[in-house]
Amino acid sequence: MKRLTVPALLALLLAVLLWACMSGALNAYWQSVILFMGVNIILSSSLNIINGNMGEFSCGHAGFMAVGAYVSSLLSVALFTKSAVFGEPLLSPDLAVWLFPLVLLAGALAASVVGLLVAIPSFKTRGDYLAIITIAAAYIVKSTIENIGVIGGARGFMGMGGVMNAMTATANLPWIMIWVFVGTVFSVWLIRRFIYSTFGKGVDAISQDEIAAEIMSVDTDRVKLVAFMVSCGLAGLAGGLFAHILGYVNPGTFTILKSTEIMVMVYLGGMGSLSGSVLAAILMTLLIEYLRDAFGYINTFLHYISVIPDSYEVTQVWKWVLIPLLLVLLMQFRPEGIMGRRELADVFPGLRKFYKFKG
Amino acid sequence: MALLEVNEMTQYFGGLCAVSEFSVALDEGQMVALIGPNGAGKTTVFNLVSGFYKPTRGEILFKGQSIKGLKPHQVTARGIARTFQNIRLWFDMTVLDNIRIAQHHALGYGLLDCFLRTPRYMQRERDIEDHAMELLSRLGLGEVAHEFPKNLPYGVQRLVEIARALSTRPALLMLDEPAAGLNSSDVEGLIKLIADIHKDFGLAIWMIEHQMDVVMSLCSWIKVIDFGATIAEGSPEEIQNNPEVIKAYLGDDTI
Ligand SMILES: Nc1ncnc2c1ncn2[C@@H]1O[C@H](COP(=O)(O)OP(=O)(O)OP(=O)(O)O)[C@@H](O)[C@H]1O
Ligand SMILES: [Mg+2]
């Protein structure tokens with residue numbers, strides 16, 4: 001009974017979401033907010049393995065997201081829809097509904113292989129140097145994509161809308177909502193199982209005292225490798241979902257600013273706290289959406305009180321001042337984030353009644 | 001055949017010869033000591049044997065096989081465990097987790113088992129936890145299993161470190177100054193504990209220790225080094241009366 005509560009709640013949540021999407025109770029805008037929330041939850045909770053549990057400083061999560069986004073997009077477009085790049089679909093579009101999880105999985109696997117780019121240097125180096133290496137890895141990915149002309153280069157790649165339409169043609173359901181929901185639950189579930197196992201706790205041991213870990217039987221290279229591959233793989237999964245939400249991808253999305261946004265979520269939630277990462281992803285998604293409007297008001301207000309010249313408009317670009325600033329302030333004044341190293345169940349012990357935490 | 005055999009092991013740090021031509025042969029179930037003044041190179045000997053440094057020269061055989069050049073976790077997997085002069089627990093996770101993680105070399109499952117919670121995974125995790133709890137209660141630490149080491153008194157942290165080393169199921173346990181920082185009543189308890197562990201677990205123990213009462217009451221054989229070089233070895237009585245040792249290690253004082 002105890003173990004069923006959370007799955008039952010999740011099933012109920014999915015049912016409500018589907019009903020809300022189909023009945024129009026949720027308009028397209030709010031649907032997209034919820035979809036991005038899901039993607040952000042995957043991104044922050046997966047980065048949390050490295051930046052939280054392992055205590056490393058990876059600044060290139062967006063790069064792995066890009067790998068997943070492109071690999072799964074190219075695959076799904078080639079397989080299920082007619083496109084300028086690949087021509088006729090290789091498989092019947094009817095299969096899209098069934099094979100889409102495999103397409104996402106392929107993107108995730110590709111991203112986790114590219115994760116080796118970062119994992120292997122991490123055997124030898126830590127801290128600042130590894131941070132620089134992760135930034136470099138993300139740029140290598142981005143520039144590589146920009147320089148492959150056939151898939152659109154810097155202009156980006158599209159056609160995933162056709163794949164989503166193929167699914168709707170098979171069964172008229174809000175498919176993308178289903179995939180994002182399932183992907184999010186799957187990711188959090190996977191991470192939970194990993195970090196609560198004795199194997200996964202090796203990651204925490206490395207963060208607290210790497211030398212002691214190595215001497216007390218932890219194969220630190222292997223644990224790091226696995227942690228990076230799990231983390232980067234899930235970033236790839238998030239990328240695949242992201243690309244199919246938008247219907248197009250553009251390498252310009254996967255910059256260091258995107259990585260920063262994910263980092264803010266991790267540090268806001270609390271390093272090494274899975275529930276903190278989930279919570280912070282939800283909050284940040286809402287904040288970013290709120291800012292979209294807020295900058296308009298701020299612009300009007302600042303013009304009204306004549307603080308800025310008439311020729312200058314305060315636009316979305318300021319998001320990229322605000323988010324890094326948030327990171328700086330967070331590190332300065334509350335480095336432990338919302339949750340610290342604790343989980344929800346530590347803060348609200350009553351929750352244990354409903355689910356066996358830290359199982 | 002000796003359990004551990006070290007032959008003419010030498011270690012340089014730049015120009016400094018921290019350990020020079022160090023040799024030792026340790027039999028199964030023996031309890032011996034390595035002593036010497038501060039900076040003599042004792043901890044370095046442990047670091048070399050446990051694989052943290054690779055010796056400049058010399059060989060290290062464990063159970064007849066060379067372990068020179070193995071990574072520390074591989075050395076641990078072969079059956080050598082140690083504690084640290086300055087306690088190096090994972091202070092921000094529970095004592096139980098500390099003990100569990102030290103069984104990493106014998107997990108017996110992989111990442112997929114862990115994702116899928118296969119029967120093998122469930123069984124192994126249960127075994128790992130049982131082994132950990134058994135050890136903790138054996139050392140009288142059952143009460144603190146769910147505490148964080150950072151909140152425990154120093155003496156208890158030392159015991160947790162010994163428990164963590166035992167958790168790897170070693171054939172040789174190396175203790176680097178286990179009595180350092182303990183008060184005299186704790187030291188008495190420690191002497192008794194080490195003697196019990198030695199008997200119950202049937203393992204060889206090799207300790208570095210400055211407190212002579214610990215060494216004298218536990219060890220059958222003592223090796224003394226100074227400036228990296230061996231200056232004496234023998235039974236506790238022989239060492240006590242060796243003029244070289246008295247000069248190097250104890251200055252002008254007598255024991
Ligand atoms: N990694 C290192 N790099 C350079 N020098 C080192 C290193 N490790 C140890 N040393 C030097 O080697 C010598 C032996 O040090 P070691 O720690 O082995 O001494 P010790 O006998 O354990 O002393 P103590 O009783 O103070 O613990 C010292 O001079 C020390 O400064
Ligand atoms: Mg020492």
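User: How many residues of chain B are in contact with chain A?

Analyst: This is a predicted model. Contact here means heavy atoms within 4.5 Å. On the chain A side, 29 residues take part, and on the chain B side the number is 32.

User: What area is buried between chain B and chain A, and what percentage of it do carbon and sulfur atoms give?

Analyst: The buried area between the two chains is about 2900 Å². Of this area, carbon and sulfur atoms give 62%.

User: Which residue of chain A meets D97(B) in a salt bridge?

Analyst: Between chain B and chain A the count is three salt bridges. In one of them, D97(B) is paired at 3.0 Å, N to O, with K201(A).

User: Which element gives the largest share of the side of chain B that touches chain A?

Analyst: Across the interface there are 18 residue pairs in polar contact. Elements of chain B that give two or more residues to this side are α2 (72–78), α3 (95–101), α4 (111–116), α5 (119–138) and α6 (154–167). The largest share, four residues, comes from α4(B).

User: Which side chain has an N or O atom 2.8 Å from an oxygen atom of ligand 1?

Analyst: The shell around ligand 1 has 14 residues, and K42(B), T43(B), T44(B), Y53(B) and Q85(B) are the closest. An oxygen atom of the ligand is 3.2 Å from an N or O atom in the side chain of H210(B). The 2.8 Å distance belongs to the side chain of K42(B).

User: How much of the area of ligand 1 does the protein bury?

Analyst: Taken alone, ligand 1 exposes 640 Å². The share of that area buried by the protein is 63%.

Notes: Residues are numbered from 1 along each chain as its sequence is written. Chains are lettered from A and ligands numbered from 1 in the order in which they are written. This is a predicted model: local features need pLDDT of at least 70, side-chain atom pairs count only at pLDDT 80 or more; totals for chains, interfaces and linings use all residues. Side-chain values use heavy atoms; hydrogens and water are left out. Buried area is the accessible area (1.4 Å probe) that two parts lose on being put together, summed over both. A salt bridge is a side-chain nitrogen of Lys or Arg within 4 Å of a carboxyl oxygen of Asp or Glu. A polar contact is a pair of N or O atoms within 3.5 Å; within protein, one must be able to donate a hydrogen and the other to accept it, and residues adjacent in sequence count only if both atoms are side-chain atoms. A residue is near a molecule or strand if one of its heavy atoms lies within 4 Å of it. Accessible areas come from the Shrake-Rupley method with a 1.4 Å probe; for residues, only the protein chains shown count as cover.
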